[in-house]
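Me: Hey, can you walk me through this one? I'm new to it.

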Amino acid sequence: MKPHWLKRIVLTAAVLMVSIYYVQAQSKGSAFFAMNSIAGLWTFCLLLMGVILLSALSMKYRLKNLIRSLRARHQKPQLENVAAYIRQLNSHQLTALLRIKQHTKVKMLIWVALGCSLSAKALDAKPTRLMNQTGILITIILILIPVLVGIALMIFKLRRVIGNYHRKVYQEESGLLATYLDEMNDAEMLNELLQRKAALDYSLNHDELAGTVAAEDNKGLLNEISNENNVNFITRKKASSSRPPVDPALGKLILWFLGTATFWLLFGTTVGEYVGIKFVSPDVDHLSWLSFGRLRPVHTNAVFWGWASLAMLGLGHYIVPRVSNTSIASLKRGWYTLILVNAAVVLGTICLMAGINNAGGEYREYIWPVMALFATGLCITLANFIQTIARRTSKEIYISNWYIVSAVIFAIVIVLVAYSPFWQDGLGETIVQGYYMHQGVGMWFMLFMLGVTYYFLPQQLNRPIYSYSLGILAFWSQIVFYTVIGTHHFVFSSIPWWLQTVAIVGSVGMLIPVTSGTTNFFMTFRNGWHKLAGSYTLPFFLVGLVFYFTGSMQGTAEAFRYTNLIWHFTDFTVAHSHITMYGIITFLLWAAIYTVVPVLTGKEPPQITVGIHFWVALMGLLFYTIPLMYGATYRGIMWQSGKPFIDSVVFMAPYWLWRAIGGSLMWASHIVFAYNMYKMSLATAAPDIKEAALKKLSEQYLKGSVSSPIQ
């Protein structure tokens, strides 16, 4: 049985088991898999055994592949391997080799040695009465513990053995290649290498299709040809284009921002997944720390301030100095911001789970001393960004910096206004709440991410932004209209009627920045739609921009008084918030992260897992939002027609099940994203044997230990 079939079977079994638990939970009206139940204990044991079994089987197939490759390596002549590497040399590597063989200056050899990579170092059983007995359960668990620990240790040991073997193979083959290149003194061979280099350096004149040049394969158009059999239903994506190098110290800071953001994404959405399960099985636990009222703000605040804010700040530390053509003003300030924001989220989470909160303010449940840490971090970042822009070598300030710096300024004002406890009282607090909710989304998250998109989208399409003027129009019109729309959440309330009307008019005015911004982005895509098939970042950008238009238009539609009567206080607003914060902000963040991390680390993410991440997240979002919007619309109509409230609760039950399914898919995609981050940031990349061989050869030449090159 092949590995991918095995994974499909295991995944199918897991989905079936969870589905059975959901059905039984609904039928029994209680938590079938509650923490204190026998079923819950058996579920945990089975899941643990499944994970260990899957890992062991995976290691089995890896060992089989290792043995197969070892046999093939012994049966295949070594010179054949060396000749294959020579055919795969790129233009840069051929230049380095020819400089060595043609006896160039030692300074050039030192440059080659430094330029080369250092990669050479580099069961579903029904419980019986017997099984319900405590002694039997304890005995089984005691037997399972050493067995599972032993299997886990064996897996870790095998991984280490396989890794050591691969490193040994890389060292041996690079050494063989270096020796072969040293002894290769045939003038005809060097001539052939010169011709190959000229072919690789060839560039098109854009008249080849006119028939003026005979068709031939000596132009270097075909490179890195592989005869390996890949999975044929996965489209091969292009690797990230080479970018100017980034200061390693700045790269480390950015990776820490993105790494901690990924942690808060996993943590926050894991809490959200558990909260979603409570809609289907409300009595899954009886602990005050895990009650819905405490976990829901933990989920929202962790993804707002931990995931999205940290990821945006990390990207800002990359973009601001890049478009200013200078270095960041202070790396130390960046680390201060990283520590303060993480401290705010940690302390805020602990306070919320302990029942210490701001009482009554949605999305602003953190107490003000906690958010003071967050605001301090933003103030440090603002000073850092402004000083960096002031040191720019270019005359103009690119539009990305307009958006990013303005977003940080607005975020500081929002936090000070919403969390300072000195003037919040009565209707004033209600107005502040409406201001805070919409300014947080529109003038912090949305404004910042539009600045990020204005930098990365043209870069990935390899073309300039369609219209700089449309970007400026969208910028100023968003500042004019978005700052007054917060109170459209309190239509028909005690807030003055004129203020409600101003909010509705401002919501309609948002058609200007949304339309101009969307037009600008999609016109930048013009004549470049074919690039979607070969890119793993552009699909994320496309989904984010589609939801930017549809979600923003939906927000305008919700602002009218009639639609407020239907949708307000229903799950429609929950769906809308996920369309904006997930469909727009999170998808654009993923697009930018998949763009910048390979630039910082030189490691591409696994293409198949990027595809899995994209489709599972998108399907999860659609499963989550569409049923909620549909069901909530009918629920609002039921309220208008005077139906009993409990009837609307019963009516929403199947839609809440879809919500749990969609949320589970989204949560699963975040685990895949975390794996991709690991592969891009921490996993050891396979060394390039050709680069290692050239480095060894250049070092031997500098020491005088290689034979004389041909004159």
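This is a predicted model: local features need pLDDT of at least 70, side-chain atom pairs count only at pLDDT 80 or more; totals for chains, interfaces and linings use all residues.

Me: OK, which helix does T563 lie in?

Reply: T563 is part of helix α18, which covers residues 561–567.

Me: And is T563 buried or exposed?

Reply: T563 is buried, because its relative accessible area is 15% and the cut-off for buried is under 20%.

Me: What does T563 touch, leaving out residues up to four places away in sequence?

Reply: On that count, T563 touches A557, E558 and H568. E558 is also the residue whose backbone oxygen the T563 side chain reaches.

Me: Let's zoom out. How many helices and strands are there in the protein?

Reply: The secondary structure comes to 22 helices and 0 strands.

Me: And how much of the protein is buried?

Reply: The protein has 711 residues, and 47% of them count as buried.

Me: Which residues make the nonpolar surface patch of about 530 Å²?

Reply: That patch is made by L142, I145, V149, L153 and F156.

Me: Where does F156 lie?

Reply: F156 lies in helix α6, which runs over residues 134–183.

Me: Why does F156 count as exposed?

Reply: Because its relative accessibility is 57%, and exposed means over 50%.

Terms used: Residues are numbered from 1 along each chain as its sequence is written. Side-chain values use heavy atoms; hydrogens and water are left out. Patches are made of residues with over 30% relative accessible area and no salt bridge: like charges are joined within 9 Å, nonpolar side chains (Val, Leu, Ile, Met, Phe, Trp, Tyr) within 5 Å. Accessible areas come from the Shrake-Rupley method with a 1.4 Å probe; for residues, only the protein chains shown count as cover. A salt bridge is a side-chain nitrogen of Lys or Arg within 4 Å of a carboxyl oxygen of Asp or Glu. Helices (H or I, at least four residues) and strands (E, at least two) are DSSP runs, numbered from the N terminus. Buried means under 20% relative accessible area, exposed over 50%, partly exposed in between (1.4 Å probe, protein chains only). A polar contact is a pair of N or O atoms within 3.5 Å; within protein, one must be able to donate a hydrogen and the other to accept it, and residues adjacent in sequence count only if both atoms are side-chain atoms. Contact means heavy atoms within 4.5 Å.
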